[in-house]
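Here is a short briefing to read alongside the model.

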Amino acid sequence: MSSEDQSLYIPLGVKPEAEWFPGFGQRQLGQAVIGSLAAALIAVVLWLVWGGVPIAVVVFLIGVSASVMMTTKDRHNLSVLDQITFMIRFLKSQKMYPYRRLDEWPMTKRMT
C-alpha cells in the first residue's frame, strides 16, 4: 500500500452531540434547567421574605441567564461549570506523595 492509502483525515470541530447553538446542547439544557430552578427557588424565598416582586423577578432573570452562560461551552469544549468541577476535583485530590528514598547505586559511593 502506498502512503496515500494509509493517511487518516481527522476533521476539526466535530462534536459528539447535537447542539442547538454553538456550545449548548441537550446536556447543557439540563444543567441550565437545574440552575434556573435554583434561581426560581431563591427568587421565591426573597419574595416571601421581603415581599418585593421586582427584586424576585430580577433575581430570577439574572439566575436564568447566569445558568445558561455558565453551562455554554467555548471553542475549547469547556464551560465555567466544567472548570469549577475540575478545580473542586483538584482540591480534593492527593497532593502529598510520601516516599522513602532508596540508595540506587551503593557501589559508587564506596569507590569514591
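Buried means under 20% relative accessible area, exposed over 50%, and partly exposed in between, with a 1.4 Å probe and protein chains only. Helices (H or I, at least four residues) and strands (E, at least two) are DSSP runs, numbered from the N terminus. This is a predicted model, in which local features need pLDDT of at least 70 and side-chain atom pairs count only at pLDDT 80 or more, while totals for chains, interfaces and linings use all residues. Residues are numbered from 1 along each chain as its sequence is written, and side-chain values use heavy atoms, with hydrogens and water left out.

**Helix 2: buried face and length**

- The buried residues of helix 2 are Ala56, Gly63, Ser67 and Thr71.
- Looking down the axis of helix 2, you find these buried residues within an arc of 35°, so they line one face of the helix; the arc is that of the directions from the helix axis to the C-beta atoms.
- An α-helix has 3.6 residues a turn, so residues three or four places apart point the same way.
- Strand 2, helix 1 and helix 3 are among what covers the buried residues of helix 2, where contact means heavy atoms within 4.5 Å.

**The UniProt record**

- An unreviewed UniProt entry lists residues 55-72 as "transmembrane region"; UniProt positions are given in the numbering used here, feature names are shortened, and annotations may be inferred rather than shown by experiment.
- In the model, residues 55-72 are 94% helix and 0% strand, with end C-alpha atoms 26 Å apart.

**Helix 1**

- Helix 1 covers residues 26-50, and its 25 residues should span 36 Å, which agrees with the 36 Å between its end C-alpha atoms.
- Its buried residues are Gln28, Ala32, Ser36, Ala39, Ala43 and Leu46, and they pack against strand 2 (24-25) and helix 2 (53-71).
- After helix 1 comes Gly51, with a positive phi near 75°.

**Two serines to look up**

- Is Ser79 buried or exposed? Ser79 counts as buried, at 4% relative accessibility.
- Ser79 sits in the loop between helix 2 and helix 3 (80-92), and touches Met70, Thr71, Thr72 and Lys73, leaving aside residues up to four places away in sequence.
- Ser7, in the segment before strand 1 (19-21), is exposed, with a relative accessible area of 56%.

Conventions. Expected span 1.5 Å × (residues − 1).
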